[in-house]
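Okay everyone, thanks for coming. Let me get the picture up on the screen, and then I'll walk you through a couple of spots.

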Amino acid sequence: PSCFGYPLSIFFIVINEFCERFSYYGMRAVLVLYFKYFLRWDDNFSTAIYHTFVALCYLTPILGALIADSWLGKFKTIISLSIVYTIGQVVMAVSSINDMTDHNHDGTPDDITVHVALSVTGLILIALGTGGIKPCVSAFGGDQFEDDQEKQRSRFFSIFYLAINAGSLISTVITPILRAQECGIHSKQQCYPLAFGVPAALMAVSLIVFIAGSRMYKKVQPQGNIMVRVCKCIGFAIKNRFRHRSKVYPKREHWLDWASEKYDKRLIVQTKMVLKVLFLYIPLPMFWALFDQQGSRWTLQATTMDGNFVAIQIQPDQMQTVNPILIVIMVPVVDAVIYPLIKKCKINFTSLRRMTVGMFLAGVAFVAAALVQVQIDKTLPVFPAAGQAQIKIINLGTGNANVMFLPEQTQVTVESMGLTDYRTFEASQLKPVIVDFGSGSISESLNLTSSNRHTLTIKNTATGIVTDLLSDVTSKPEEGKNMIRFINNLPQTINVVTMGDTNFGALPPLSASSYSVFSGGRKDNVEITTNSTTCTTTSEALGFGGVYTIVINECSESGADLIYFEDIPPNTVHMAWQIPQYFILTCAEVVFSVTGLEFSYSQAPSNMKSVLQAGWLLTVAVGNIIVLIVAGASKLSEQWAEYVLFAALLFAVCIIFAVMAYFYTYIDPNEIEAQLDEEEKKKQVKEDLDFYEKGEAVSKM
């Protein structure tokens, strides 16, 4: 059956691909944050495991192609590996259920090893599934067309790629929103089970849709894998060359010609063409090493930035959507506008030159990322090192106060309702301070603890000067959240303070509450109750990733007077500053990735396309392994320096690739195949003639 001239079966295949890509990219979008915030792995380990997983996803297609071509056929391979894939997604969703091991209901898993074991199992199954079906689905779609439907087949591939981008775009927007929701039975947590559960459901839908079209598919029987034949041919040539290494044997034009004893000329010539392209692939993994860090390092960079886009709050993992959005816009623009313009300027912009430009642009994108990182680092506070402590002073009194730190005798003046910056001291020494309000002074010994921050509150009262030493937090809140505490600066006890849904409890005069965590960028209702009155007010809109001390200065029926102090400033570098690096990297992808596949296909014989596809996917896998090696071996403490290192490595590789491309001579496989056909015809004719002549000779006898 057909529809608009297309086989009806391909609609099932396109829907299947959309759901599968939604499932994969949705799960991958939140993966690095799941590692960091749920499994509590540090940035480097999270990055390492993320890239190990991506590398696995690009190594398994070779396995999938071998199973499909040599054993099960494409249809059965897709179904069996999709089942494995769906199980993997379900295991991943189960692994993120916090309540499964949270027996004491404190909001953190009690046995993290269970979650880690399930996550790793789920990721291995997903890598097997997604990688295994990757080479089969598009080829299976191509099989549905007859030989005279070339036009429809090429249009199908365009629709197919559109389905891939649509799936990845929609899921990269939706799953971070699902992750940001709060869910849980005993304690409310970020909703990773939902963020992984929806992709799992879509993978199940993908499988059901694919099976539903079963009767309509044209199923081609497995015909053996060309990849295996190519590998055997290369292996035999090397072995044969090694056997005949003495000078007695005449040299052959190409080392692959040593396979001619066992393999026909056509396979040897085709293998030579493939190896010529694969040789050019050697520098390409470096591009993917940078490109795939969008989901790891760049997402982690976004967690330290301000995601407030006027009315919308953007999640760090949603910034990855910039790439598919720009891809959809830029592929047609580059094809229809940029390339024709370059052609008009009489510039010969060959495929390999385009790829060189793509590699260069990816390096530039990482330089841009490094510049953004430098700006972020400037806004990050410097916390005390081991053996050090930091202290700041808040004056809750009515007049200016002079504070002298002994024995250094450094003096600071603190205005009424003002504060000082943090000052760093050696924690081992007790620090006496003299607080002088003019009308009287007091000497206090401060017991500072190593690697900690403290706030000293001072106030002049009718009965004398009162001080209190508070412990502060020594790390920025994660995921753009805020931490808030209250200080009671009223003469009477506050019975209860609530902000939003959080109850800070009772506060005696001049005492401070503990810190509580709040979502960033929002205003909350504050209610204060004393014995004599209840007052309410709305808090200021606080930023993202800040720590605040709020002083309750007054509470009357007309409202509350709150004064805000920043213990740690919020994220001030806006996430929009990541857009230039995403834009440059997407430009790089358009001229590198799309061109790379076109070039490979134009330079290889028609029956060898799967070998090149495998080689291309292998460059992605190796690229992700490079991230593991470089990030592990570099030991750079500064993130911007790591970005610069990756950019420098790619620029170096880019020069090598440009030199290789300069010496490459383009070929026309169809012409070479035609020559081979011609030679085979001549050979056949000669054999027929010889046979005929022999027959003649026999009959004369």
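**A sheet and some salt bridges**

So, strand β16, residues 494-499, pairs with strand β19, residues 525-530, in the antiparallel sense, over five bridges. If you want a landmark there, find Val-497, which stands opposite Ile-528 in β19. Keep in mind that this is a predicted model.

Now zoom out a bit. Those two strands belong to an open, antiparallel sheet of four, running β17-β16-β19-β20. At the edges you've got β17 (502-507) and β20 (534-538); each has a single partner strand, so one side of each is left without a neighbour in the sheet. On average, neighbouring strands here are turned by 15° against each other, ignoring direction.

On to charges. How many salt bridges does the structure hold? There are 13.

One of them joins the side chains of Asp-472 and Lys-392, at 3.5 Å, N to O. That pair links distant parts of the chain: Asp-472 is in strand β14 (464-472) and Lys-392 is in strand β7 (388-395), 80 residues apart. Are these two buried or exposed? Asp-472 counts as buried because its relative accessibility is 8%, and Lys-392 is buried too, at 1%.

Asp-472 also meets Arg-485 in a salt bridge, at 2.8 Å, N to O. Arg-485 sits in strand β15 (482-488), 13 residues from Asp-472. With 2% relative accessibility, Arg-485 counts as buried. Through shared partners, salt bridges join Lys-392, Asp-472, Arg-485 and Asp-567 into one network.

Last stop: Arg-21 and Glu-17, a salt bridge at 4.0 Å, N to O. They're four residues apart in helix α1 (9-29), so about one helical turn separates them.

Methods:
Residues are numbered from 1 along each chain as its sequence is written. This is a predicted model: local features need pLDDT of at least 70, side-chain atom pairs count only at pLDDT 80 or more; totals for chains, interfaces and linings use all residues. Side-chain values use heavy atoms; hydrogens and water are left out. Two strands pair if DSSP finds at least two bridges between them. Axes are lines fitted to C-alpha atoms, for helices over the stretch in contact, and angles run from 0 to 180 degrees between N-to-C directions. Buried means under 20% relative accessible area, exposed over 50%, partly exposed in between (1.4 Å probe, protein chains only).
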